[in-house]
Structure formats: C-alpha cells, structure tokens
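Hello,

Here is the structure I promised to send over. Have a look at it first, and then read on for what turned up.

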Amino acid sequence: MPATSVNAARRPCIYRELVVWLYVAGLAAAALAMVIAVATLTPEVRRRIVVMLLPVAALALVIDSALAGWVTSTMHMGHTVPLVPAQWAMLVLVAPVTFLAGALLVRRREETLRMVALGRNADREQPLGQ
C-alpha cells in the first residue's frame, strides 16, 4: 500500500513536467513556423517587418537597461518614485524615433538598390566601348 501512495504522489509532478515540455515544444514549433514564413517573403517585405519590430525591441531595451534602477528603488522604498520628465520623454520618443530611423534607412536602401539596377540595365543596353 505505501508503494501506491508514493506513485500517486509522483504522478502530478510527472504530468507537470510533461505539460512544461509540451509547452516548450509548442513554442519551438511556433517559432520555427514564424522563421519559415518570414524566410519565404521577399527581401523588401522582410526589411519592413524588421522596421516594424524594431520599436518594440528598442523600448524593451530602454525599459530593461535605463529604467532598471527605477524599478528596483520603487520596489524597496515602500512608495512609488515618479519618473522625471527626461524618463517620460525617453519612453515616449524611443519607439517613434526608432521607427522613423528604420523607415528612412529602408527607403534609402531600396533607392540605392533601384539605382544600381538602373545602372546595370543601362550598361547592358550600351556596351562600354561605344
């Protein structure tokens, strides 16, 4: 009888581990599906997707690095420490500035590629010796 109670006590732990591994496998499968879907897109679309995701990454980086001390001090003081205007400006401006910079870089890159393609086409139509 004691062996049955030991096995019964271990079952929930085994099921929890199984659920965790299934969850991790599901996340890995979803990540792989996203990578495959993005890899099949044209380079122009991939660049635009990166530009759309950059503000989220930049904001997460700012919150984790620049505001890490604020979170720690607020948690241990017992009362909330308000953000200063520079911190608010940083939170508000990081995402739009990152998006605009990325959009300008994508536009410049595509214009450069377009001009290179036009030059190559012109070289094909007119040989160098003429």
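Predicted model: local features only at pLDDT ≥ 70, side-chain atom pairs only at ≥ 80, totals over all residues.

Which residues of H4 are buried? They are Gln87, Val94, Gly102, Val106 and Glu110. Gln87 sits in the helix that covers residues 85–125, and Gln87 counts as buried because its relative accessible area is 18%, below the cut-off of 20%. Leaving aside residues up to four places away in sequence, Gln87 touches Leu67 and Trp70.

Glu110 deserves a paragraph of its own. Searching the whole structure gives three salt bridges, and Glu110 has Arg47 as a partner in one of them, with the closest N and O atoms 3.7 Å apart. That pair links distant parts of the chain, since Arg47 belongs to helix H2 (residues 43–65) and Glu110 to helix H4, 63 residues apart. Arg48 also forms a salt bridge with Glu110, and here the closest N and O atoms are 2.7 Å apart. Because Arg48 lies in helix H2 and Glu110 in helix H4, this pair ties together parts that are 62 residues apart in sequence. Taken as a group, Arg47, Arg48 and Glu110 are linked in a network of salt bridges. Is Arg48 itself buried, partly exposed or exposed? Its relative accessibility is 43%, so Arg48 counts as partly exposed.

There is also a salt bridge between Glu111 and Arg114, whose closest N and O atoms are 3.1 Å apart. Why are these two residues separated by about one helical turn? Because they are three residues apart in helix H4. As a reminder, an α-helix has 3.6 residues a turn, so residues three or four places apart point the same way. Glu111 is partly exposed, with a relative accessible area of 37%, and Arg114 is partly exposed as well, at 42%.

On to the surface. Val20, Trp21, Tyr23, Val24 and Leu27 make a nonpolar surface patch of about 570 Å². One of these residues, Trp21, is found in helix H1 (residues 2–39). Trp21 counts as exposed because its relative accessibility is 62%, over the 50% cut-off.

Finally, the chain as a whole. How many helices and strands does the chain have? There are four helices and zero strands, which follow one another along the sequence in the pattern α-α-α-α. Of the 130 residues in the chain, 9% are buried. The accessible surface comes to about 10,700 Å², and carbon and sulfur atoms account for 72% of that area. If you look at contacts between residues at least 6 apart in sequence, 63% of them join residues at least 24 apart.

Best wishes

Note on methods
Residues numbered from 1 in each chain as written. Heavy atoms only, no water. Buried < 20%, exposed > 50% of the residue type's maximum accessible area, 1.4 Å probe, protein only. Contact = heavy atoms within 4.5 Å. Areas by Shrake-Rupley, 256 points an atom, 1.4 Å probe, with all protein chains shown as cover. Patch = residues over 30% accessible without salt bridge, like charges linked within 9 Å, V, L, I, M, F, W, Y side chains within 5 Å. Salt bridge = Lys/Arg side-chain N within 4 Å of Asp/Glu carboxyl O.
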